[in-house]
Amino acid sequence: MPYVVLISGTSTGIGRLTAETVARAGHSVYATMRGLTTHNAGAAQTLEALAAEQNLPLKTLEMDVSSTDSVQRAVDIVLQEQGRVDVAVNNAGLMSIGLAEGFTEEQVLHQMNVNFMGSFRVSRAVLPHLRAQRHGLIIHVTSIVGRLLFPGCAPYCASKFAQEAFAEVLQYELVGSGVESVIVEP
């Protein structure tokens, strides 16, 4: 049975490749990104053209993980169109590089808002539906710096440590529900 898969951060990199790969496997993919009609319009059009050319079950969808309302709107659209969500891939993220004391509070809060809170928002939006259907998967794309530290990326490391802690605790809380929370550390 094909799964319904919601993926955040699909404009480039791992998110985009995941969306293409999962759609080619025959699953219904909602490839989300922010700025679908502005700064990511080209990325969205490229994915949509690929889906049309190869007859892939892939649709782009506006979702800004830094906004609870945006995340909920996207999840609601998927549920209206498909009746379910089977897999959520928390991939959206950003990486800031520099000495720790050089970051402003606003920059660190932005890093945490996207990387950690974004994952939290998406998970929180899909979990009631996954629990109700008694199956599902939440994949958290973190980083090796969610376990090891490197100089020059303190806010990024902190955000990935937080994301991994959330994902691991979530897995314990989901035992017996049919829903799993897993971590992928590129």
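Which strands does helix α4 (residues 105–133) lie across? In this predicted model, helix α4 lies across β1, β4 (87–90), β5 and β6, and runs at about 170° to β5.

**Sheet and helices**

The strands concerned belong to an open sheet of six strands, ordered β3-β2-β1-β4-β5-β6 and paired in parallel. The edges are formed by β3 (58–62) and β6 (179–184); each has a single partner strand, so one side of each lacks a neighbour in the sheet. On average, neighbouring strands of this sheet are turned by 15° against each other, direction ignored. The pairing of β5 with β6 is parallel and extends over six bridges, and V141 stands opposite V184 in β6.

A further helix, α3 (residues 68–82), lies across β1 (4–7), β2 (28–33) and β3, with an angle of about 145° to β3. The loop between β3 and α3 contains S67, which is partly exposed at a relative accessible area of 24%. S67 and M117 are separated by 50 residues in sequence, while their C-alpha atoms are 9.3 Å apart in space.

**Salt bridges**

Side chains of opposite charge can pair when their charged atoms come close. The structure holds seven salt bridges, including those in the table.

| Salt bridge | Closest N and O atoms |
|---|---|
| E20 with R16 | 2.7 Å |
| E20 with R24 | 3.5 Å |
| K59 with E81 | 2.6 Å |

E20 and R16 both lie in helix α1 (residues 13–24), four residues apart, or about one turn of the helix. E20 and R24 are likewise four residues apart in helix α1. Is E20 buried or exposed? With 10% relative accessibility, E20 counts as buried, because the cut-off for that class is under 20%. R16, at 21%, counts as partly exposed, and R24 is partly exposed with a relative accessible area of 45%.

K59 forms a salt bridge with E81, and this pair links distant parts of the chain: K59 is in strand β3 and E81 in helix α3, 22 residues apart. Both partners count as partly exposed, K59 at 35% relative accessibility and E81 at 41%. Elsewhere, salt bridges with shared partners join R147, E164, E168 and E185 into one network.

**Nonpolar surface patch**

I144, L148 and F150 form a nonpolar patch on the surface, and together have about 260 Å² of accessible area. I144 is located in the loop between β5 (136–141) and α5 (154–173). I144 is partly exposed, with a relative accessible area of 34%.

Terms used
Residues are numbered from 1 along each chain as its sequence is written. This is a predicted model: local features need pLDDT of at least 70, side-chain atom pairs count only at pLDDT 80 or more; totals for chains, interfaces and linings use all residues. Side-chain values use heavy atoms; hydrogens and water are left out. Patches are made of residues with over 30% relative accessible area and no salt bridge: like charges are joined within 9 Å, nonpolar side chains (Val, Leu, Ile, Met, Phe, Trp, Tyr) within 5 Å. Accessible areas come from the Shrake-Rupley method with a 1.4 Å probe; for residues, only the protein chains shown count as cover. A salt bridge is a side-chain nitrogen of Lys or Arg within 4 Å of a carboxyl oxygen of Asp or Glu. Helices (H or I, at least four residues) and strands (E, at least two) are DSSP runs, numbered from the N terminus. Buried means under 20% relative accessible area, exposed over 50%, partly exposed in between (1.4 Å probe, protein chains only). Two strands pair if DSSP finds at least two bridges between them. Axes are lines fitted to C-alpha atoms, for helices over the stretch in contact, and angles run from 0 to 180 degrees between N-to-C directions. Contact means heavy atoms within 4.5 Å.
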